[in-house]
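Dear colleague,

My notes on its strand pairing follow below it.

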Amino acid sequence: MTVKTHYFPLGGGMDLITPPLAIVPGRLLTGCNYEPGPGGGYRRIEGFERFDGQTAPSATCYWILRYELGIAMVAKGDLVTGSLSGATGMALADGILESGSHANADAIGYLVLGDVVGTFESEETLEVMAQPVAVASGSQHERGIADEVKDALWLQEARSIARERIQPLPGSGVVRGVWLYSGTTYAFRDDAEGTQCLMYRSSPSGWQACNLGEILFFHGGTLAFAEGESLLGMTSGASATIKRILVTSGNWETDDAEGRLVLYDVLGTFADAEAIHSTMGAAFADGENFPQVLLPGGRFECVNHNFFGHAATRRMYGVNGVNPGFEWDGEVFTYILTGMLDDRPTHLAAHAKHLFFSFPGGSLQHSGIGEPLDWQVSIGAGEIALGDEITGMLATVGGVMAIFCRNATHALYGTSSADWRLDLLSGESGAIPWSIQDMGRPIYLDDRGLRQLSAVQEFGDFQAGTLSQEVQPWFAFRSGLVLAALRVRSKNQYRVFFSDNSGMLCTLVPGRPPAFVPVDYGLPVCCACSQEDESGQEKLFIGSDDGFVYQVDSGNSFDGGEVTAFLRLPFYHLGLPANRKRFRKALLEIDASPTTSIQILPTYSYGNPEIPTPLVQMFDIHGGGGTWNEAEWSEFIWDSQQVGTAEARIDGVGTNIGMSIISRSVEEQPHLIHGITLHFSPRGMVR
């Protein structure tokens, strides 16, 4: 009987609304943890790993150190030290003996070391607990083993050691925020007692608590203070370094300046009403100095912006709905006091040289022009009432700021309080909190699905303005459960995460419809951050309820755990919907590493229960033209071309065929499946 072939490319993401006979064969009925490839196809997503500023587990490897004249066995877990170099490394396995014996002091072999610090010297004595065990024969070699199985095992061991060294943020509860500023990652978590929230910074030695400094209010200022000066209390003898000066009323020229000082390196306690002096300034203390403390709770939202024009004055600004807003420059923390009785802003944006805060009840307020710390009306600060709860703000192209409420969307035009103009874009369509991201244009979730601001402007409140029509049934069950959203510039991708641990990624490529595939990290994504570091490299972070901060799209595992991914393709009739066909072979066009393992399950005639269900086939892919078999399965051959083909013998009869592709791995590199070629023989028409 004639055997025919038919090829179809994969791509386009999920389609939950097209009738079965009309759906494009490369689309998905469902899937998880794959993403649309850059030129089509589906690529298994990258992993994530815990982060605190130390060396990432995925950047860790093992080392081979050869030895001779061995007199004692090195056991797994021993710390090996070089007597001359001082280099150290932990044994990932018992020492490998190749010849000789320890009893005769002529053992020759090699050690497998992880967590190596320094460089071992040839001919130096190797010691364990200060006792000689052997002599180094050369220096260590990175991943110096040809055995693929041992290489994978020892690499996993080394990475496990590095992973265990990385700890969660100290304290209790969820990670309340994570942000990247000036090349350093910052994160927030309540302390163990739940009495305050602490701000931490990443470092090569792990998380370090940030010093938020202290505040001293003053009045009767006659001479202006200067940042960096030493402050002295004339009665108390207390001293400190002035880091910020904020005047809230009066002025120095009229001897009635009032405000507050942000102090660091404080020694002692300033006394109320005492004279305080610096080299340049003079005033009177208004109360005692007290620490700047973040109250527990809330959810942090931050933005980096330069209001002052100098390259060194780009600063980080944040709010969390529980405390006043703040400014941070890497060393100095400054509360931003707006004058509100309930000064607890929920969202923020930097726009037109103003810092904007939103407050409960639909109040939008902004600082003076170019003065993010000064909210006096006399220098241009102001308020705009929107009449609905504000869920987020985003400065967009063209000098316009989009303001999202729960049930409305506005656009703010102008440059200052002198010419602000607030336009209503939609009276019914708003944004769900924490779903708003800038993808060139604002993208966000509302009750009708995923929307783009330009589409709202064009279609108004109608369903046609959504990007997610083809997957709307998936979103319909999750509205209101958003925890965080993340943009991935390098992949033109938007990701949104929900309280049931589910997520959805949407890839946006100019000229193509949006492509959606679900994602599941196996943990709640309580907050997220997407920023570029000082070298321009994109960094993605999430915080979870276990206190860990994770770097996303880093490594190949889910923090050392298995990555489970699958694709379920629609049933395809190959242009002959009423004819039975004998399906013989499937060839997957795939880019994969030598150790990739996938499973495939074909089903026929819409899963007709009268047709025997084939068993799941597991195929290990080995590059370089290798072949392999599983006990009950036909050959699966991996071609060594740049884009290879994985061949699976299938044997089934039906009017159509559907396939599920499954991948489970811990350290495999992501693979990319481009398309499928089916070999089949036509049979008679179903009557």
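This is a predicted model: local features need pLDDT of at least 70, side-chain atom pairs count only at pLDDT 80 or more; totals for chains, interfaces and linings use all residues.

Residues are numbered from 1 along each chain as its sequence is written, and side-chain values use heavy atoms, with hydrogens and water left out.

Helices (H or I, at least four residues) and strands (E, at least two) are DSSP runs, numbered from the N terminus. Two strands count as paired if DSSP finds at least two bridges between them.

Strand 6 (residues 63-70) is antiparallel to strand 10 (residues 107-117), with 6 bridges between the two. Within this pairing, Trp-63 lies opposite Leu-113 of strand 10. Strand 6 also runs antiparallel to strand 13 (residues 141-142), joined by 2 bridges; there, Trp-63 has Glu-142 as its bridge partner. A further antiparallel pairing, over 2 bridges, links strand 6 with strand 12 (residues 131-136), where Glu-68 is partnered by Val-135.

Elsewhere, an open antiparallel sheet is formed by 4 strands in the order 40-41-42-43. Strand 40 (482-488) and strand 43 (515-520) each have a single partner strand, so one side of each is left without a neighbour in the sheet. Neighbouring strands of this sheet are turned by 20° against each other on average, direction ignored (axes are lines fitted to C-alpha atoms, for helices over the stretch in contact, and angles run from 0 to 180 degrees between N-to-C directions). Strand 41 (residues 493-498) and strand 42 (residues 502-507) are antiparallel and share 5 bridges, with Met-504 of strand 42 as the bridge partner of Val-496.

Yours sincerely
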